[in-house]
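Have the model open as you read.

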Amino acid sequence: MPRSAEDKYLTVTAFQRRLNAVMRRLPTQTLLETTGRASGLPRRTPVGGRRVGDAFWLVSEFGERSQYVRNIKADPRVRVRIRGRWYAGTARLLPDDDPIARLRTLRSLNSVAVRAIGAALLTVRVDLDG
């Protein structure tokens, strides 16, 4: 069992790295595609979230420490695959939003997991292009 926040982060990210390799291949899995800040290559991360109108909402369980959040800070242009269809958009980090309240509106198994393992929750909104 992890003894510190750092141990928890390392344990969870090691598990996610293996799980995400499988999840990315599922055609119905929602994916967030960012551009790697160092490589410039597309990086796809399985995420939980919800489309509301012309925006897609999600909560990062490790806040600005998440690799996809770091990529968003370097280049906010992203794509989101929702139900097998890709949408381009611009991601915005919302540190003033209440991530716990936001997770309640997303209502998914992923939201439960994010609340359980999250250390520094951060709301992310992707404004989808028309």
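Is aspartate 127 buried, partly exposed or exposed? Keep in mind that we're looking at a predicted model. With a relative accessible area of 22%, aspartate 127 comes out as partly exposed, because buried means under 20%. Its side chain meets that of arginine 125 in a salt bridge, at 2.8 Å from N to O, and arginine 125 is partly exposed too, at 21%. Elsewhere, salt bridges with shared partners tie Glu33, Arg44 and Arg79 into one network.

The count of salt bridges comes to eight. One of them pairs arginine 44 with glutamate 33 at 2.6 Å, N to O. Arginine 44 is partly exposed at 37%, whereas glutamate 33 is buried at 11%.

Now for the nonpolar side of things. The largest nonpolar core has 16 residues, and Leu32, Phe56, Ile72, Val80 and Val126 have the most contacts inside it. Strands E4, E5, E6 and E7 and helix H2 each give it two or more residues, with E7 giving the most, four. Phenylalanine 56 touches, among others, Val47, Val80, Ile82, Val124, Val126 and Leu128. Apart from this core lies another, of five residues, including Trp57, Val59, Leu103 and Leu106.

At the start of H3, a side-chain oxygen of aspartate 98 comes within 3.1 Å of the backbone nitrogen of isoleucine 100.

How values were computed: Residues numbered from 1 in each chain as written. Predicted model: local features only at pLDDT ≥ 70, side-chain atom pairs only at ≥ 80, totals over all residues. Heavy atoms only, no water. Polar contact = N/O pair within 3.5 Å; in protein donor to acceptor, adjacent residues only side chain to side chain. Core = buried A, V, L, I, M, F, W, Y, C linked by side-chain atoms within 4.5 Å. Buried < 20%, exposed > 50% of the residue type's maximum accessible area, 1.4 Å probe, protein only. Contact = heavy atoms within 4.5 Å. Salt bridge = Lys/Arg side-chain N within 4 Å of Asp/Glu carboxyl O. Lists of a residue's contacts leave out its neighbours within four places in sequence.
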